[in-house]
Amino acid sequence: MCAMEAARRQPGDGAADVPAIDDQVGQRSRWNHNIHYHPVILQAVPDGCQQALDVGCGEGTLTRQLRELVPHVTGIDLDRTSIDHARKQDPNGRITYLLGDVLTHDFEPNAFDLVTAVATLHHMDATTALNRMAMLLRPGGTLAIIGLARGQLPASLPLDLAATIASRAYRLGKTHWQHPSPMVWPPPVTFGQMRRVARRQLPGVRYRRHLLWRYSLVWRKHGP
């Protein structure tokens with residue numbers, strides 16, 4: 001496989017018919033490009049956070065980590081298989097899992113101290129989704145997103161090659177895990193387009209492009 005082919009195949013950490021890992025040791029050893037950036041989300045949890053919502057929660061890898069920091073965590077996803085996996089891995093019902101669409105579910109406005117989304121935003125219209133997630137935040141709450149976007153060739157080729165090398169190096173020492181959720185690739189927007197949308201919809205947002213074909217958005221909602 002040439003480097004360019006690798007760069008195109010690596011980013012999605014695509015869906016595969018791989019069952020969720022149910023044992024705790026297996027969960028802790030999981031790694032993929034999305035999980036690699038979970039610390040960005042966890043570090044953004046605001047002080048005193050009581051209610052968190054994970055949009056596009058999949059089978060719950062992030063929600064389980066959030067539950068160690070936040071008393072009340074809700075995950076929502078459109079994919080029934082993913083929600084079923086999530087519920088099986090939370091036998092004590094510590095997390096609320098909803099099968100549904102965040103854009104239409106009857107959440108109350110200003111309901112959450114933290115709203116998160118990992119590899120989810122590119123499944124929706126970015127402007128609509130950002131507005132909806134911002135509306136669900138309480139004043140002072142935090143929105144934290146890890147997203148996928150596409151580079152623009154040939155300018156992005158050096159970063160794609162660097163990401164391919166880094167990804168292969170990480171895989172040497174980690175257990176790569178393919179999530180069972182649906183995948184959309186390539187993403188509909190470029191990194192530049194996503195940065196502009198985010199800055200327009202979320203004034204003061206912290207946008208950062210990361211090496212492994214990801215970007216992050218961290219934004220605090222100011223209150224009246």
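## Around helix 5

The buried residues of helix 5 are covered by, among others, helix 4 (61-67), strand 3 (72-77) and strand 4 (96-99). Two terms come in at once here. Buried stands for under 20% relative accessible area, exposed for over 50%, and partly exposed for what lies in between, with a 1.4 Å probe and protein chains only. Helices (H or I, at least four residues) and strands (E, at least two) are DSSP runs, numbered from the N terminus.

Which residues of helix 5 are buried? In this helix, residues 80-88, they are Ser82, Ile83, His85 and Ala86. These residues lie on the same side of helix 5 because they cover an arc of only 160° around the axis, taking the arc from the directions between the helix axis and the C-beta atoms. Arg80 and Lys88 are exposed, and they sit on the face of helix 5 turned away from its buried side.

## About the model

This is a predicted model, in which local features need pLDDT of at least 70 and side-chain atom pairs count only at pLDDT 80 or more, while totals for chains, interfaces and linings use all residues. Residues are numbered from 1 along each chain as its sequence is written, and side-chain values use heavy atoms, leaving out hydrogens and water.

## The nonpolar cores

A nonpolar core is a set of buried Ala, Val, Leu, Ile, Met, Phe, Trp, Tyr and Cys residues joined through side-chain atoms within 4.5 Å. The largest one has 31 residues, and Leu130 and Met133 touch the most other members. At least two residues of this core come from each of strand 2 (51-55), strand 5 (112-118), helix 6 (126-136), strand 6 (137-147), helix 8 (191-201) and strand 9 (214-220). Helix 6 supplies the largest share, 6 residues. Apart from this core lies another, of 27 residues, including Leu62, Tyr97, Leu114 and Val118.

What does Leu130 touch, not counting residues up to four places away in sequence? With contact taken as heavy atoms within 4.5 Å, the list runs through Leu121, Leu143, Ile145, Met194, Val197, Ala198, Gln201, Leu202 and Leu217.

## Helices 6 and 8

Helix 6 has Ala126, Ala129, Leu130, Arg132, Met133, Ala134 and Leu136 as buried residues. They pack against strand 2, strand 5, strand 6, helix 8 and strand 9. Ala129, found in helix 6, counts as buried because its relative accessibility is 1%. Leaving aside residues up to four places away in sequence, Ala129 touches Leu103, Leu121 and Met124. Leu103 is 26 residues from Ala129 in sequence, yet their C-alpha atoms are 6.9 Å apart in space.

In helix 8, the buried residues are Phe191, Gly192, Met194, Val197 and Ala198. Their cover includes helix 6, strand 8 (206-210) and strand 9.

## Salt bridges

A salt bridge here is a side-chain nitrogen of Lys or Arg within 4 Å of a carboxyl oxygen of Asp or Glu. How many salt bridges does the structure hold? There are 4. One of them joins the side chains of Glu59 and Arg30 (3.0 Å, N to O). This pair links distant parts of the chain, 29 residues apart: Glu59 is in the loop between strand 2 and helix 4, and Arg30 is in strand 1 (residues 30-31). Glu59 also meets Arg64 in a salt bridge (3.1 Å, N to O), and a network of salt bridges links Arg30, Glu59 and Arg64. Both Glu59 and Arg30 are buried; for Glu59 the relative accessible area is 3%. Arg64 counts as buried too, at 12% relative accessibility.

Another salt bridge is formed by the side chains of Arg138 and Asp113 (3.1 Å, N to O). Here again distant parts of the chain are linked, with Arg138 in strand 6 and Asp113 in strand 5, 25 residues apart. Arg138 is partly exposed, with a relative accessible area of 29%, whereas Asp113 is buried, at 15%.

## A surface patch

Finally, a look at the outside. Leu153, Leu157 and Leu161 form a nonpolar patch on the surface, and together they have about 220 Å² of accessible area. Patches are built from residues with over 30% relative accessible area and no salt bridge, joining like charges within 9 Å and nonpolar side chains (Val, Leu, Ile, Met, Phe, Trp, Tyr) within 5 Å. The accessible areas come from the Shrake-Rupley method with a 1.4 Å probe, and for residues only the protein chains shown count as cover. Leu157 lies in helix 7 (residues 157-172) and is partly exposed, with a relative accessible area of 31%.
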